[in-house]
Amino acid sequence: ASYTRIGQTDEAVQAFLTLNEEGARQAASELDKQLQEGGERGLLFGLPAGIKDNIVTEKLLTTCASQFLRNYDPIYDATVVKKLKAAQSVTIGKLNMDEFAMGGSNENSSFSPVRNPWNTEYVPGGSSGGSAASVAAGQVYFSLGSDTGGSIRQPAAYCGVVGLKPTYGLVSRFGLVAFASSLDQIGPITKNVEDSAYVLQAIAGYDNMDSTSANVEIPDYTSALTGDVKGLRIGVPKEYIGEGIDPKVKEAVLAALKVYESLGATWEEVSLPHTEYAVATYYLLASSEASSNLARFDGVRYGVRADNPDNLIDLYHKSRSQGFGSEVKRRIMLGTYALSSGYYDAYYLKAQKVRTLIKQDFDQVFENYDLIIGPTAPTPAFKLGAQVNDPLTMYLNDIVTIPVSLAGVPAISVPCGFADGLPIGLQIIGKAFDERTVLRAAHAYE
Ligand code: GLN
């Protein structure tokens, strides 16, 4: 059914880069056989899943939507992919994205942009645009995305589905092609909150292959979905519903808060005073980490190698010039500049300090509140092509997701209405490792 649906819809949506039809059929009949022989059903038994193409899959192309890796055929599975297999879901294929997860509209894919299933003239968001669009188009039951500054939550909001960015460290990054290692997190994109809890249950947990993996006990997420939010204290940052936020988005968020009131929760306006510095801080830190992480793509170890180099330096130069797209080059140049000697203290070190201030904003609010709620993005999806020549406007789309990433705390985006036929997302932010409260509140509202 999944492949039939892809056949009907993917010419218009362009969510998939690689299909795994033979592998999926084999895996499915293997599961069937195990069941016939009296085996138990795994947590995600038989559920068709799509995987973002920056998560490595053994013997299944993993391109990061980059020309550089168009032939990269990994020899191992990422930890999350192993865990999904252990939970018995079936990998349908690999999902389109912004090249190396750099972008917020999917227009930076070097293969083709993804289109929003609600209206194919609009972007699906990014960078996990394929992951969100494939769930919205009914091609898969769930997908995995990655979120560095909003890349799970923002496309989930634009496509009207549920996207969860877990606490940094809860889900292993082993096998996720690194963009900005101190921010990257893998998480589920699903049709509803209950599914999100099930997929999180399957992928969370300590992994000694990831040096930043948190060694914490994994609670039962589905049992948190009680429907009861009585007495829950919600903070609503004035910076998240103020200037620059589309009035229709603000209206939808205020309407959602009314629902919480009716369910017995309370909310008050709060402040995250360093919000205005978050985008600048993020683009310094994320680009710096990217410039370092992407140094491994040298034309020798992974992917495509340029023809006829004059010497080794020329090989690096030609391979990188030909392999990377323009947004990736922009980030590498920004990051290399920020890390260069003489500038390090002024840019990178200062950005690290501001990151701490941003995190402290969250700590302070969480002393008195259980959750922080606001929009996921300042506007609904925009038209394809509308912002491609304006990187700064594009960067500002992440104004309310980036602070959460810098603080490392969990957040979910759930649909909370429509403006002009396009979905709006409500962002529910929790304390570190308190995914249970985030999921409970999201589920009660849904
Ligand atoms: N849109 C942001 C960026 O371009 C976030 C991307 C992400 O979370 N991977 O960096």
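This is a predicted model: local features need pLDDT of at least 70, side-chain atom pairs count only at pLDDT 80 or more; totals for chains, interfaces and linings use all residues.
Local features were taken at pLDDT of at least 70 and side-chain atom pairs at pLDDT 80 or more, whereas totals for chains, interfaces and linings use all residues. Residues are numbered from 1 along each chain as its sequence is written, and side-chain values use heavy atoms, with hydrogens and water left out.

The model contains an open sheet of 11 strands in the order 1-3-2-4-6-5-10-11-9-7-8, with mixed pairing. Strands (E, at least two residues) and helices (H or I, at least four) are DSSP runs numbered from the N terminus, and two strands pair if DSSP finds at least two bridges between them. Strand 1 (16–19) and strand 8 (266–270) form the edges, each pairing on one side only. From one strand to the next the twist averages 30 degrees. Strand 2 (residues 48–52) and strand 3 (residues 90–95) run parallel and are joined by 5 bridges; Lys52 stands opposite Leu95 of strand 3.

Two helices lie across parts of this sheet. Helix 2 (residues 21–36) lies across strand 1 and strand 3, at about 160 degrees to strand 3. Helix 3 (residues 79–86) lies across strand 2, strand 4 (142–147) and strand 6 (185–190), at about 160 degrees to strand 4. Axes are lines fitted to C-alpha atoms, for helices over the stretch in contact, and angles run from 0 to 180 degrees between N-to-C directions; contact means heavy atoms within 4.5 Å.

Grid points are joined across faces, edges and corners, and a volume is the space filled by probe spheres set on the points.

The largest pocket holds about 450 Å³ of space. Of its 18 lining residues, Asn20, Gly23, Ala27, Lys85 and Thr91 lie nearest its centre. Helix 2, helix 3 and strand 3 are the elements that give two or more residues to this lining, and helix 2 gives the most, with 6. The lining has 6 nonpolar, 8 polar and 4 charged residues, where Ala, Val, Leu, Ile, Met, Phe, Trp, Tyr, Cys and Pro count as nonpolar, Asp, Glu, Lys and Arg as charged, and the others, Gly among them, as polar.

The second largest pocket holds about 350 Å³. Helix 2 again gives the most to the lining, with 5 residues, and the classes are 11 nonpolar, 5 polar and 3 charged.

There are 2 cavities of 30 Å³ or more. The largest has a volume of about 70 Å³, and its lining includes Met102, Tyr282, Arg331 and Asp398. The second largest cavity has a volume of about 50 Å³. Strand 11 (422–429) and helix 5 (153–159) each supply at least two residues of its lining, which has 7 nonpolar, 3 polar and no charged residues.

Glu327 lies in helix 10 (residues 326–339). Glu327 counts as buried because its relative accessibility is 9%, buried meaning under 20% relative accessible area (1.4 Å probe, protein chains only). Beyond residues up to four places away in sequence, Glu327 touches Met102, Asn108 and Tyr395. Glu327 and Phe100 are 227 residues apart in sequence and 9.6 Å apart in space, C-alpha to C-alpha.

Notes:
On a 1 Å grid over the protein atoms alone, a cavity is a set of points where a 1.4 Å probe fits but cannot get out, and a pocket is an open set with protein on both sides within 12 Å along at least five of seven lines; lining residues have an atom within 4 Å of a point. Buried means under 20% relative accessible area, exposed over 50%, partly exposed in between (1.4 Å probe, protein chains only).
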